[in-house]
Amino acid sequence: MSRHTLLTPDVVEPLLRGGFGRPYLWSESCPSTQDVLRGARLPEGAVALTEHQTAGRGRAGRVWEDVAGKALLLSVLLRPPPGSPAQQLSLVAGLAVAEALEERRDAAGIKWPNDVLLAGRKVAGVLLEASEGVVVCGIGANVSQGEDELPAGTPLRAGSLLAVTGNAPDRAELLATLLEILEHRYRAWCRAGLAPLLDELEARNWLRGRRVWVGDAAGIAGPIAPDGRLSVERDGGSIVLVGSGEVSGVRLDPDT
Ligand code: BTN
């Protein structure tokens with residue numbers, strides 16, 4: 001990694017346009033940025049970012065792989081209002097990532113509840129970890145990995161901005177844009193829940209119309225409900241609403 005590619009505080013802090021990213025905790029390597037913030041006595045909006053994780057975590061116990069200096073690997077500390085449905089924050093963060101990518105690219109898709117896609121390939125994911133009123137919102141986005149540097153055999157084909165679009169944005173600019181949009185979307189959610197975000201989410205609802213499995217029943221994914229659950233019309237016509245916290249969840253039909 002050459003010096004100028006690092007997202008050190010002297011590079012990133014002058015680009016910040018809001019409260020998120022203050023403080024900004026940078027490291028060249030760490031096990032997981034989630035653990036940097038977990039249990040830390042830091043204000044809302046604190047960000048931990050690293051160039052490389054040695055034990056990066058994805059959802060459902062999966063590993064999140066990276067190539068040093070070629071991704072955005074960050075966690076944001078949030079203190080949502082007491083009693084609020086914090087699991088909705090994966091949609092809030094997914095929307096913010098999609099919108100940040102769209103500042104320079106074509107429309108991004110959100111694969112409910114936490115994946116962000118470009119051209120049908122997963123370029124980013126969100127991981128929420130909550131305890132004692134604090135949510136650590138982890139975001140991993142593949143920026144400049146080449147095709148041969150992306151994980152193979154993932155449930156959804158992995159991509160990076162470079163691999164999908166042919167060029168990669170400046171990571172520092174992308175990070176500053178993401179934090180600005182995330183703060184804006186998060187504040188709106190704190191005030192009014194998902195309602196002000198639903199149209200934007202639905203416009204990017206990549207699963208809609210696709211054949212999925214819920215538990216052992218197949219169906220067609222429908223719109224995202226006002227409470228953030230995904231509606232699925234099962235074969236036979238009944239509608240079920242699936243919550244992102246459910247273990248069985250929704251999985252894509254392998255034949256789709
Ligand atoms: C997923 O799609 O399964 C979620 C991936 C989340 C990865 C990010 S990278 C920064 C933060 N630290 C981690 O260990 N995981 C999240």
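Modeller: Gladly! Pro-113 is found in the loop between strand S4 (109–111) and strand S5 (115–118); helices here are DSSP runs of H or I with at least four residues, strands are runs of E with at least two, and both are numbered from the N terminus. The peptide bond that leads from Trp-112 into Pro-113 is cis, with omega near 0°. Before we go on, this is a predicted model, in which local features need pLDDT of at least 70 and side-chain atom pairs count only at pLDDT 80 or more, while totals for chains, interfaces and linings use all residues. Residues are numbered from 1 along each chain as its sequence is written, and side-chain values use heavy atoms, with hydrogens and water left out.

Colleague: Which peptide bond involving Pro-23 is cis?

Modeller: The bond from Arg-22 to Pro-23, with omega near 0°. Pro-23 lies in the loop between helix H1 (9–12) and strand S1 (24–27).

Colleague: And what is the phi of Ala-60?

Modeller: Phi of Ala-60 is near 55°, a positive value in a residue other than glycine. You can find Ala-60 in the loop between strand S2 (47–50) and S3.

Colleague: On to the ligand, then. How many residues surround the ligand?

Modeller: A residue is counted as near a molecule if one of its heavy atoms lies within 4 Å of it. Here 21 residues surround the ligand, and the closest are Ser-32, Gln-53, Arg-57, Arg-59 and Lys-122. By class, this shell has 6 nonpolar, 11 polar and 4 charged residues. Ala, Val, Leu, Ile, Met, Phe, Trp, Tyr, Cys and Pro count as nonpolar, Asp, Glu, Lys and Arg as charged, and the others, Gly among them, as polar.

Colleague: Where does the ligand sit?

Modeller: In the largest pocket, by the rule that more than half of its atoms lie within 2 Å of the grid points. On a 1 Å grid over the protein atoms alone, a pocket is an open set with protein on both sides within 12 Å along at least five of seven lines, a cavity is a set of points where a 1.4 Å probe fits but cannot get out, and lining residues have an atom within 4 Å of a point. The largest pocket has a volume of about 1200 Å³; grid points are joined across faces, edges and corners, and a volume is the space filled by probe spheres set on the points. Its lining has 50 residues, with Arg-59, Ala-60, Arg-62, Asn-114 and Lys-122 nearest its centre. S6 gives the most to this lining, with 7 residues.

Colleague: And what lines the largest cavity?

Modeller: The structure holds 1 cavity of 30 Å³ or more, and about 40 Å³ of space lies in the largest cavity. Leu-72, Val-97, Ala-100, Leu-101, Ile-139, Ala-141, Leu-174 and Leu-178 line it. By class, that lining has 8 nonpolar, no polar and no charged residues. H3 gives the most to it, with 3 residues.
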